Amino acid sequence: MRKILFVAMLACGTASAQPHGDRERQEDAKRHRALALVHGAAAKCLESGKTEKDCLDKLRQDCKGLGIGKYCGLKHRH
């Protein structure tokens, strides 16, 4: 199983990703912090009793240009 996973990682290029420099690490940290704020707001929305649909719609709106996918994930740029 590990061998298959490793081969899949190689095929996707994840195992050969180059290390980031200081500037790239700082940019990644800023994106993580921004996403944390957006996800924190989504959590507060859910805690307030609003519907999941309303909160996810707001998450998608707040996430535009920041994250990827249906639930506002982070994709590193290489």
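So, how far apart in helix 3 are Asp57 and Lys53? Hold that thought for a second. One caveat before anything else: what you see on the screen is a predicted model.

Okay, back to the pair. Asp57 and Lys53 sit four residues apart in helix 3, which covers residues 52-63, so about one helical turn separates them. They form a salt bridge, and the closest N and O atoms come out at 2.8 Å. In terms of accessibility, Lys53 is exposed at 57%, while Asp57 is partly exposed at 32%.

Arg60 is partly exposed, with 32% relative accessibility.

Now hop over to helix 2, residues 22-47. Here Arg31 and Asp28 make a salt bridge at 2.4 Å, N to O. They're three residues apart, about one helical turn. Are these two buried or exposed? Well, Arg31 has 14% relative accessibility, so it counts as buried, the cut-off being under 20%. Asp28 is buried as well, at 8%.

Next up, the cysteines. How many disulfides does the structure hold? Two. If you count the bonded cysteines along the chain, the pattern is 1-2, 3-4.

Take Cys45 and Cys55: their disulfide has an S to S distance of 2.1 Å. The torsion about that S-S bond is about -85°, so this disulfide is left-handed. Cys45 is in helix 2 and Cys55 in helix 3, so the pair ties together parts that are ten residues apart in sequence. Both Cys45 and Cys55 are buried.

Then there's Cys63 with Cys72, where the sulfur atoms are 2.0 Å apart. Which hand does this disulfide have? The torsion is about 90°, so the disulfide is right-handed. For burial, Cys63 comes in at 6% relative accessibility, so it's buried, and Cys72 is buried too, at 3%.

Note on methods
Residues are numbered from 1 along each chain as its sequence is written. This is a predicted model: local features need pLDDT of at least 70, side-chain atom pairs count only at pLDDT 80 or more; totals for chains, interfaces and linings use all residues. Side-chain values use heavy atoms; hydrogens and water are left out. A salt bridge is a side-chain nitrogen of Lys or Arg within 4 Å of a carboxyl oxygen of Asp or Glu. Helices (H or I, at least four residues) and strands (E, at least two) are DSSP runs, numbered from the N terminus. Buried means under 20% relative accessible area, exposed over 50%, partly exposed in between (1.4 Å probe, protein chains only). A disulfide is a pair of cysteine sulfur atoms within 2.5 Å.
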